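Thanks for coming. I will take a few minutes on one structure, and on two sites in it.

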Amino acid sequence: MASQLSSLLADLSSQVGPSLEILTQKEDDRFREFAKRWTDIGREIPGAIILPESEEQIQQTVRWAAHSSVPFVPRSGGHSEWSTIGDHGVIIDLSKYKGIEVDAANKKATLRGSILSKQVAVALADAGFFTALGNGNPVGAIPYFLGGGASITTSITGFGADQILSARMIDATGEIIEVTEEKEPELLWALRGAGQFLGLVTELDIKIHPFSELGNAQGAIWVGGFVFPLERAEDVARAMKPLMDDSTKATAGLMMIMAPPPARKPCVVIAARFTGDLDKAQNAYKPLYDLGPIVANGGPVPVQNTSDAREALAAKGDFKRFGVVGLRRFDVEKFLQVVEVWKTLVEECPDAINTAFNFQWDSRPPKAPSFESANSLHDLRYWQNNLIWHTDPANRQRVDELNDKSIEIMRGPNRAEYADFQNGTRTGPIELRFRGEGKVEKLKSLKKKWDPQGVFTRQLLD
Ligand SMILES: Cc1cc2nc3c(=O)[nH]c(=O)nc-3n(C[C@H](O)[C@H](O)[C@H](O)COP(=O)(O)OP(=O)(O)OC[C@H]3O[C@@H](n4cnc5c(N)ncnc54)[C@H](O)[C@@H]3O)c2cc1C
């Protein structure tokens, strides 16, 4: 198989020319660098890593893979569990192809290839704009938008998928498809939420928003932190419940059960955000100040820098995974049960000390778009959003078990009460990721049309 792949790679190289870099030497530093991922869970070593530097080279590579039946996965930022493949296949790594153009007059931007979330945020801010972006600066922006895209500005902008205006996609046969409302409305519907399963998107046009929509002219968000000892979890949860449910004040953020370095003392940390008139932020968080936190800080931060403090979580390597479930409400008693599960986790698996069990809220509902799409998250403003992070392979199973247990506690048994997130999971019933009548059936029929062989994952086929 290895020799068959190398002769096929030689064909690709002669078709495209010497400018196409193909890495095959697994012990070389450059190969190892490009094989790194955010998580080592399930990470495999590919037969080759191909680094096209133009849309034409990407297309030639997909065509070659299709004609020679070589399995592949695209890779943009490498911040998922899924841009990995064993040595029977290759990675089409888009690192050398990236860009952004901002069209301020038409309030849109064109994203190319592997452009990262932070690069998008900075380019937009330079022009006085922002858009829906998540918590991870080095996350690939295009996959983020294609997979739904939960954002710190969801109540103002809608989800990432709601920003998508049009796309250029290479399909399973290697054809470039212009995905616009006029030419391919059904495919556009599907790319807005299920876009990682239908083709390789080389370009995405997205909606952008002027700073004024943040409620202040500076383009700033109030970002704050409150730290309490874990023994005070009940007081904090009871104070947070009405705060999180109060949609008259634009609060959002994460309530985290964790043991931050260097002291590693178990804490409840509130990573707080506030949008609008920033002078009102402290008043909105008065219930937390009143509890007397060990640490309380906060102030305006330019919107493009709001995730900078979370940079350490985005580093590559170790066993990491998100445990995510969308919820309809916050339940204090369940949260306190989850605190006990976290304690068990760090006691039984000391290598999992970086793990944080997080409850995420936005006091205001997501902004609904004026169109239908595959994305079905608009009824949700609460999430359990755990970040598990550990190092000892012997604890792999136990860490997953306790993560799953905490998710089960928060969501309860009733399926109508929760939803799965397509950017967070690819297992479990697909109806929990794409809810709504006929949605899964429509996606399955589009998958059959555009990718019947499962070149871009077997999702929606099996
Ligand atoms: C620290 C951190 C914070 C995060 N925060 C958020 C958040 O706030 N909100 C949120 O919604 N998500 C968040 N995510 C999840 C993240 O948005 C998704 O995992 C996203 O798909 C990662 O994109 P990537 O390019 O970095 O990863 P990759 O692993 O490179 O790609 C992700 C998937 O998309 C496929 N793919 C890559 N490029 C393309 C392409 N051009 N066309 C089609 N398919 C492609 C890959 O094969 C893979 O299956 C976060 C992840 C991390 C690690």
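I will start with the ligand and then move to a pocket.

Please keep in mind that this is a predicted model. Around the ligand there are 29 residues, and the nearest are Pro74, Ser76, Gly77, Ser80 and Ser83. At Asn135, a polar backbone atom is 2.8 Å from an oxygen atom of the ligand. At Val201, a polar backbone atom is 2.8 Å from a nitrogen atom of the ligand. How much of the ligand does the protein bury? On its own the ligand exposes 970 Å², and 95% of that is buried by the protein.

Where does the shell come from? Domain 1 (2–94) and domain 2 (98–212) each provide at least three of its residues. Strand E3 (72–75), helix H5 (141–146) and strand E10 (200–207) each give at least two, and H5 gives the most, with 3. By class, the shell has 13 nonpolar, 14 polar and 2 charged residues.

Now the second largest pocket, with a volume of about 620 Å³. It is lined by 31 residues, and those closest to its centre are Met256, Met258, Val269, Ala309 and Arg310. Strands E12 (220–229), E13 (251–258), E14 (267–274), E15 (295–302) and E18 (382–390) are the elements that contribute two or more lining residues. The top contributor is E12, with 5. The lining of this pocket is made up of 20 nonpolar, 8 polar and 3 charged residues.

That is what I have for today.

Definitions and conventions: Residues numbered from 1 in each chain as written. Predicted model: local features only at pLDDT ≥ 70, side-chain atom pairs only at ≥ 80, totals over all residues. Heavy atoms only, no water. 1 Å grid on protein atoms, 1.4 Å probe; cavity = no way out; pocket = protein on both sides within 12 Å on 5 of 7 lines; lining within 4 Å. Points joined across faces, edges and corners; volume = space filled by probe spheres on them. Helix = DSSP H or I, 4+ residues; strand = E, 2+ residues; numbered from the N terminus. Nonpolar A, V, L, I, M, F, W, Y, C, P; charged D, E, K, R; others polar. Near = heavy atom within 4 Å. Polar contact = N/O pair within 3.5 Å; in protein donor to acceptor, adjacent residues only side chain to side chain. Areas by Shrake-Rupley, 256 points an atom, 1.4 Å probe, with all protein chains shown as cover. Domains from an automatic or database assignment.
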